[in-house]
Amino acid sequence: MNLVTPEFGLIFWQTVTFLVVLFVLSRYAWKPIMNALKDREHSIENALQEADKARKDMEQLKADNEKLLDEARIERDKILKTAHQLAQETKDEAKVQAQKEVDKMLSDARSAIQAEKNSAIADMKKQIAALSIEVAEVILKRELESPEKQTQLVADLVKDLKIN
Amino acid sequence: MNFSTYKSQFIYRLLPIFIGIFLISLPLSAKTEDGEKSEKFNPGETIMHHIADAHEWEFFIIGETHYTLPLPVILYTPNGLDVFMSSKIHHGKEIEIEKEEKGKMSKVHATEVKTSLNTYHYEHGKFHLESGAGIYDISITKNVASLFLSVFLLMFVFFRVAKGYRRNAGKAPKGIQSFFEPVIIFVRDDIAKGAIGPKYERFLPYLLTIFFFIWFNNMLGLFPAGANLTGNIAITLTLALFTFFITIFSGNRAYWGHIFNTPGVPWWLKTILPIMPLVEFLGIFIKPVSLMIRLFANITAGHIIMLSLFSLIFMFKSVAYLVAPVSVVFAMAMTFLELFVALLQAYVFTLLSALYFGQAVEEHHHEEAH
């Protein structure tokens with residue numbers, strides 16, 4: 001029966017000791033340990049939250065970058081397209097201009113040639129006239145060297161002269 | 001990472017403790033018992049002797065020599081406080097006293113212990129005054145000494161753990177701190193938070209203290225010559241009483257309402273035939289009683305089994321060499337089981353205490369689980 005009969009002495013010492021242990025450990029062990037654990041959990045939680053925030057920021061930044069890039073790409077395409085268009089227009093205009101120039105040059109050349117031709121023809125005519133006179137002079141001189149011939153001529157002329 | 005270094009450091013740190021225990025045990029007053037050699041081995045008596053409390057701490061017996069640590073005896077008598085060492089018992093005179101047992105007067109062996117204050121009869125581990133007047137025995141018995149040892153150990157360990165938190169603030173736990181941190185967090189998160197709920201914090205110091213108190217003492221009880229502290233009904237009774245008082249003093253309106261006006265019970269079971277309030281009221285007391293008996297019975301049973309296994313060797317004296325290996329193997333298996341039980345019973349006691357506190361501080365009773 002000794003086994004299940006609680007002894008007064010033990011109850012007394014257990015009560016006293018346990019209360020002391022409870023007080024001392026609560027104050028000098030559990031309190032600092034719990035506070036330290038809590039602090040650490042808080043700091044870990046904060047760190048995790050910050051990491052999460054940083055990740056979200058990064059994502060945001062990435063998305064922003066992507067958007068900017070997209071915009072830049074669109075801008076580039078637009079610029080390129082305009083440039084192409086402009087170049088084409090310039091090219092076309094240049095072509096037209098050149099054609100015009102060519103045409104003008106051609107017509108100028110043509111009129112110049114014509115003028116040259118005309119003056120050459122006129123010149124030739126003059127030369128021919130002068131030459132003709134010279135030839136006629138020479139011929140005349142030769143024809144009228146002797147007085148018989150002159151008389152002949154006059155006779156011929158007179159012969160031809162038909163007096164009606 | 002560097003486990004071997006850590007391990008050797010750990011053992012190195014524990015070494016002084018082992019050496020200390022060894023040194024304490026050496027200069028023990030070695031006495032030769034002039035008892036009857038021919039006395040037959042009585043396993044029941046031996047086992048009861050080992051699991052019961054004693055006024056001295058017996059470590060081992062070699063031949064006829066008992067290696068014991070005498071402990072102070074403190075008696076509160078009508079003549080005042082009487083303090084003397086337990087070794088005095090052995091210097092006392094062997095006498096025979098008349099004692100009434102089961103209505104019959106019979107002679108029993110006792111020791112007469114004389115002090116400057118009183119003369120006591122020491123019989124069956126108890127002091128009685130010659131006059132028969134009542135005395136209070138608050139001696140530092142084997143269990144009390146073991147209790148002090150465990151308290152010293154608890155404080156030593158957890159002050160170091162707390163120091164670790166101060167030293168490694170904001171860093172990863174180290175050494176003994178990292179060993180106990182998961183256990184502390186387990187008590188906090190799985191026992192206190194789980195069973196009590198949001199108001200767990202005010203019960204946490206108590207829960208941590210009983211958890212480690214019971215665990216450490218269960219473990220100390222497993223040492224050879226260790227005291228059977230948590231297997232002592234006085235200790236479990238006191239622990240259960242703490243839980244009981246904390247429960248009833250933290251009980252809120254909802255708790256008492258639940259006991260005396262149980263929701264969901266027909267009115268006539270509460271007024272005309274008040275079975276429910278009676279059952280619930282008895283429950284307040286049955287819960288701590290179950291705590292008390294569970295821990296006491298589990299630990300004592302473990303000790304009895306271990307001692308029975310060893311007793312077998314002495315019972316089969318002639319074939320002891322055959323029985324001994326079997327006993328030792330069984331005892332080894334039992335020791336492993338007891339190591340587990342030591343932790344399990346600490347867990348169960350703490351968890352149930354937490355559950356009772358949880359019931360006491362629960363605010364609403366939406367879903368009753370009966």
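Two residues are taken to be in contact if their C-beta atoms, placed from the backbone, lie within 7 Å. The structure is a predicted model, in which local features need pLDDT of at least 70 and side-chain atom pairs count only at pLDDT 80 or more, while totals for chains, interfaces and linings use all residues. Residues are numbered from 1 along each chain as its sequence is written, and chains are lettered from A and ligands numbered from 1 in the order in which they are written.

**View 1. The contact between the two domains of chain B.** Chain B is assigned domain 1 (3–140) and domain 2 (144–361), with bounds that come from an automatic or database domain assignment. Across this boundary, 12 residues of domain 1 of chain B are in contact with 14 residues of domain 2 of chain B. Helix H2 (43–51) and strand E2 (56–62) of chain B are the elements that give two or more residues to the domain 1 side. Helices (H or I, at least four residues) and strands (E, at least two) are DSSP runs, numbered from the N terminus. H2(B) gives the most to the domain 1 side, with 5 residues. That side holds 9 nonpolar, 2 polar and 1 charged residues. In this count Ala, Val, Leu, Ile, Met, Phe, Trp, Tyr, Cys and Pro are nonpolar, Asp, Glu, Lys and Arg are charged, and the others, Gly among them, are polar.

**View 2. An open sheet of chain B.** In chain B, 3 strands in the order E5-E4-E10 form an open sheet with antiparallel pairing. Strand E5 (80–85) and strand E10 (136–137) of chain B each have a single partner strand and stand at the edges, so one side of each is left without a neighbour in the sheet. Two strands pair if DSSP finds at least two bridges between them. Strand E4 (residues 72–77) of chain B is joined to E5(B) by 6 bridges, and Val73(B) stands opposite Phe84(B) in E5(B).

**View 3. Strand E8 of chain B and its two partners.** Strand E7 (residues 104–114) of chain B pairs with E8(B) in the antiparallel sense over 4 bridges, and a hairpin through 4 residues joins E7(B) to E8(B). Glu112(B) stands opposite His121(B) in E8(B). E8(B) also pairs with E9(B) in the antiparallel sense, over 4 bridges, and Tyr122(B) stands opposite Phe127(B) in E9(B). A residue is buried if 20 or more other C-beta atoms lie within 10 Å of its own, exposed if 12 or fewer, and partly exposed in between, with C-beta atoms placed from the backbone.

**View 4. Two loop residues of chain B with positive phi.** His124(B) lies in the loop between strand E8 (119–123) and strand E9 (126–129) of chain B. Although His124(B) is not a glycine, its phi is positive, at about 55°. His124(B) is exposed, with 11 other C-beta atoms within 10 Å. Ala225(B) is placed in the loop between helix H6 (204–222) and helix H7 (233–250) of chain B, and its phi is near 70°. Ala225(B) is partly exposed, with 16 other C-beta atoms within 10 Å.
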